[in-house]
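Trainee: Can we go through this one together, a few spots at a time? I'd like to see how you get to each answer.

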Amino acid sequence: MVKSGVSSPVYSEEARKAHIARFASSDDAQAMRELIQTGVVYIPAMLFILFFSASMPLWINVLAMTVAGGASVRAFVLFHDACHMSLFRSPSANRRAANILSLVVLTPFERWRDRHNHHHNVFGDLGEPDLGQTIQFTRKEFNDFPLYKKIGWRIIRDPFVFFFGVPMMLWGLEYPLRYGDRYTFLAWVIHATLVTQCSSYFGYMLIFAGAFGTILFHLQHAVNSAYRADSATHSSARAAFEGSTCLAVAWPITWVTCNIEYHHIHHYSTRVPSYKLAECHHSAPKGMWLGVTHVPFSRQLAALPNAMYDTETKTVEPFWPYNLLTSAYNSAD
């Protein structure tokens with residue numbers, strides 16, 4: 001159904017649901033192609049770093065790290081699909097794929113699946129804890145924290161600490177050692193051995209991949225205008241279409257992100273695999289995505305420091321001094 005009376009048509013949730021449902025199915029052949037593409041790039045780049053980086057100039061090693069790190073992020077997006085049971089048609093095939101990919105992405109299948117599905121169920125609900133997003137408190141909650149907690153969060157939420165240090169803690173320690181299964185513990189042993197015995201560049205690649213992936217996830221939910229609501233009025237559809245973003249991503253980075261930048265669609269239906277998200281978005285009638293937050297690159301940079309939600313202004317905001325930078329950007333914009 002289309003609502004009239006405006007210059008561009010505004011589509012109802014029912015119309016959006018019907019359009020998205022056309023893409024909510026898995027294609028096993030396409031899933032295999034996505035996995036093969038990822039392996040064909042990741043494995044040679046990783047082997048180059050491990051066995052040839054010591055004799056190569058810095059710029060070549062940086063290039064190899066970037067390629068391997070990008071492929072690692074892509075592997076995580078496919079792992080993410082498998083956790084949603086949308087990469088393949090068969091649940092057992094998705095489980096096998098997730099366990100194999102966990103050797104690359106150092107993430108335990110069941111632990112991450114459960115936490116991430118909870119994130120999808122409660123995202124945007126101010127009355128429910130959501131450890132699966134990067135905005136963990138409101139401004140009022142922060143002001144009510146004791147001093148030691150305020151200091152801790154100010155340190156953690158500095159963008160450099162948050163995007164580079166926190167992923168090292170999560171994927172280097174918490175996931176494999178505290179919550180890991182046999183696959184992620186084995187992956188941790190292998191990765192630690194490769195970093196310490198073969199090449200430090202492999203460790204730098206892991207840091208780059210962790211930072212890139214965390215930034216990508218942050219930008220999917222922490223850009224204004226931001227949807228948050230009390231439990232009584234919370235709407236999962238509004239959380240998808242108003243609280244999740246559509247990021248402007250240029251090639252070849254689109255190969256790395258594997259279309260997860262069309263996050264408004266993914267958050268509405270996890271049954272749409274990543275390899276169908278772009279087609280779902282671009283084949284929609286004009287006006288179907290009105291209200292979705294489309295984020296160009298300049299706004300992505302400005303949103304990186306966002307750390308908390310302000311219930312009065314209904315926006316996500318950074319701490320000082322980064323708020324000065326975002327204010328300057330908003331004024332110029």
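This is a predicted model: local features need pLDDT of at least 70, side-chain atom pairs count only at pLDDT 80 or more; totals for chains, interfaces and linings use all residues.

**Loops, a buried charge and packed helices**

Trainee: Which other residue has a positive phi although it is not a glycine?

Mentor: Look in the loop between α12 and α13 (263-268) again. The residue there is buried, at 3% relative accessible area: Cys258. A positive phi of about 55° belongs to Cys258.

Trainee: Which side chain does Glu34 join in a polar contact?

Mentor: Glu34 is in helix α2 (residues 28-52), and at 7% relative accessible area Glu34 is buried. Skipping residues up to four places away in sequence, Glu34 touches Arg74, Leu78, Cys258 and Tyr275 (contact means heavy atoms within 4.5 Å). A polar contact is a pair of N or O atoms within 3.5 Å; within protein, one must be able to donate a hydrogen and the other to accept it, and residues adjacent in sequence count only if both atoms are side-chain atoms. At 2.5 Å, the partner side chain is Arg74.

Trainee: What is omega for the cis peptide bond from Trp251 to Pro252?

Mentor: Find Pro252 in the loop between β3 (245-247) and α12 (253-257). For the cis bond from Trp251 to Pro252, omega is near 10°.

Trainee: Now helices. At roughly what angle do the axes of α3 and α10 cross?

Mentor: Two packed helices are described by the angle between their axes and the distance between the axes. Axes are lines fitted to C-alpha atoms, for helices over the stretch in contact, with angles from 0 to 180 degrees between N-to-C directions. Helix α3 (residues 58-83) and helix α10 (residues 200-219) have axes that come within 8 Å and cross at roughly 50°.

Trainee: Why is α3 called oblique to α10?

Mentor: Under 35 degrees is roughly parallel, over 145 roughly antiparallel and 65 to 115 roughly perpendicular. The rest is oblique, which makes α3, relative to α10, oblique.

Trainee: How do α3 and α4 run, and what hand does their crossing have?

Mentor: The axes of α3 and helix α4 (residues 91-105) come within 9 Å and cross at roughly 150°. That makes α3 and α4 roughly antiparallel to each other. A crossing is left-handed if the near helix is turned anticlockwise from the far one by less than a right angle, and right-handed if clockwise. For α3 and α4 the crossing is left-handed.

Note on methods:
Residues are numbered from 1 along each chain as its sequence is written. Side-chain values use heavy atoms; hydrogens and water are left out. Helices (H or I, at least four residues) and strands (E, at least two) are DSSP runs, numbered from the N terminus. Buried means under 20% relative accessible area, exposed over 50%, partly exposed in between (1.4 Å probe, protein chains only).
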